[in-house]
Amino acid sequence: MSDLGDLYQEVILEHKRHPRNHRPMPDASRDVDGHNPLCGDHIHLHVKLKGDTIEDVSFEGAGCAISTASASMMTERVKGMQRAEARTLFTAVHRLLTGNDAGSDPATLGKLAIFAGIRNYPSRVKCASLSWHTLNAALQDDGESVVTTE
Amino acid sequence: MSAIAKTTLTAATPTWDVGRVRQDFPILGELVHGVPVAYLDSAASAQKPRQVIEAVDRLYRHNYGNVHRGVHALSERATAAYEGARDSLRRFINAGSRQEIVFVRGATEGINLVAQSFGRRFRPGEQVVLSMMEHHANIVPWQLLREQTGIELKVIPINQAGELDLEAYQRLLGERTRMVAVTQVSNALGTINPVRRMIELAHAENIPVLVDGAQAVPHLRVDVQALDCDFFVFSGHKMFGPTGIGVLYAKERWLEEMPPYQGGGDMIRTVSFERTTFNDLPYKFEAGTPHIAGAVGLGAAAEYLEALDMDCAGRYEHELLEYGSARLQEIPGLRLIGTAREKASVLSFVIDDVHPHDLGTILDRKGIAVRAGHHCAMPLMQFYGVPATARASLAFYNTREEIDRLCAALTWAQEVLA
């Protein structure tokens, strides 16, 4: 795939083709809209909380391959997590995407580490971070209903 | 040039020497990811010929001081260069007088100026008519005015090809209409609107018209007197000039009536704490030290375009557009967005299962620069039911070979993402 392999890795493309948890959630406890004003993409994120546990999470909306794969992999990963755990993961992913991850433990990220390649494409960082910002907002106590990457 | 010489040239339909024109644009020789750049993003911002770069360079090296102030030589030279640029721009759009040429930051500031100054006297319930294909720059300033004055905004609908519905337009014009503000060429679709006819219709009802000419001036010869528009705005950077500079043309009678937009130095005649009197036109609207080098560069861009023969450039661009449209439509799953009969050289499109943002990145790896996004026209994207499009916008320095590279790279993108 020539020199784009660091961005469009097979795992990412597979999630783009078959996004996980891409569905509505009528009984969600939190619904948050995330916008990327740069490209006009938006994501609707649904979270079902039971106490502090993320019992279910899903998303809707059409985005680019990176934002779709990122949302898909995020939902897979955070389902069943405690709120605090997911927020720690958000911080780790954010650091990874912005190249600010010196000293962080690769085990925290697991499969998500494949998004490291995006640093070489500064204009695409927000594609990958959109779903995470949206999740982070959904997990706040006073969860805002709309967030943007700006 | 005499009228006879000009006629002869036009009649001979000279062919376009694109190779020679490309020599004027140093950046077209740049390598991107190891290959020569194919710059297909001129509608976002056009590249600069050396004539513009050198004019700015010359000003700063030899002729720079503040304008309208100093008695010293450098200030006088800078003033002469700045005011000379105003003369070039007057000629470029054939305005009746140099007083009607106001330097602003760009089309956006020009529209904000008109909305905030001319629009300030609009009353609640009065209407401003816009179109569905406006850039946000010709929507949001009117929404801000709506907040302030209680006006209403009416929107001219479009058809699937991306052409304005002129019958609906006529029905929108009424006793409460105070203003029509419409783009001459759509940045997202390329549609060329029949602004001359639209102005006639509005004027029949005594309604003034603002034309957003940002995308028109790089492609079409504009004559504001022939159009009879009341206001015409454009940006320097889209017509091969610098960023941060543009022009508001307005009929003198409106500029006389309008209150200043911003206060400051240069726009005044006398100031005391009790009372200030304002400067003559156009300086009443040019508060503060202007973007002198920008204006000088823009003047050079206008002169460059005049020397090129815009009609010949336009014919060449049209051929490129036809070629590009045909080639793109050979690609399975590709849909052109904007297929108006009258079109400038903009190719906006979507491809099944390939998001424009991914296309933008993948094409970039092949050295091809396109825009991916909503093109600051979100209502229009909504009309077409797409979040974004990819847009290849062509200028007279582009070539068929670059379009061939685009098509090959699109096919590659489909393979990458399939």
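Welcome: in this predicted model, 27 Å separate the centres of domain 1 and domain 2 of chain B, taken over C-alpha atoms. Local features need pLDDT of at least 70, side-chain atom pairs count only at pLDDT 80 or more, and totals for chains, interfaces and linings use all residues. Residues are numbered from 1 along each chain as its sequence is written, while chains are lettered from A and ligands numbered from 1 in the order in which they are written.

**The two domains**
- Domain 1 of chain B covers 3-50 + 309-417, and domain 2 covers 53-306; such bounds come from an automatic or database domain assignment.
- Where they meet, 30 residues of domain 1 of chain B are in contact with 30 residues of domain 2 of chain B (C-beta atoms, placed from the backbone, within 7 Å).
- On the domain 1 side, α12 (310-329), β14 (346-351) and α14 (378-384) of chain B each give two or more residues (helices are DSSP runs of H or I, at least four residues, and strands runs of E, at least two, numbered from the N terminus).
- The largest share of that side, 4 residues, comes from α12(B).

**The sheet**
- Seven strands of chain B, in the order β4-β10-β9-β8-β7-β5-β6, form an open sheet of 7 strands with mixed pairing (strands pair if DSSP finds at least two bridges between them).
- At the edges are β4 (101-104) and β6 (152-156) of chain B, each pairing on one side only.
- Strands β5 (residues 127-131) and β7 (residues 177-183) of chain B run parallel, joined by 3 bridges; B:Val129 has B:Val180 in β7(B) as its bridge partner.

Technical notes. Contact = placed C-beta atoms within 7 Å.
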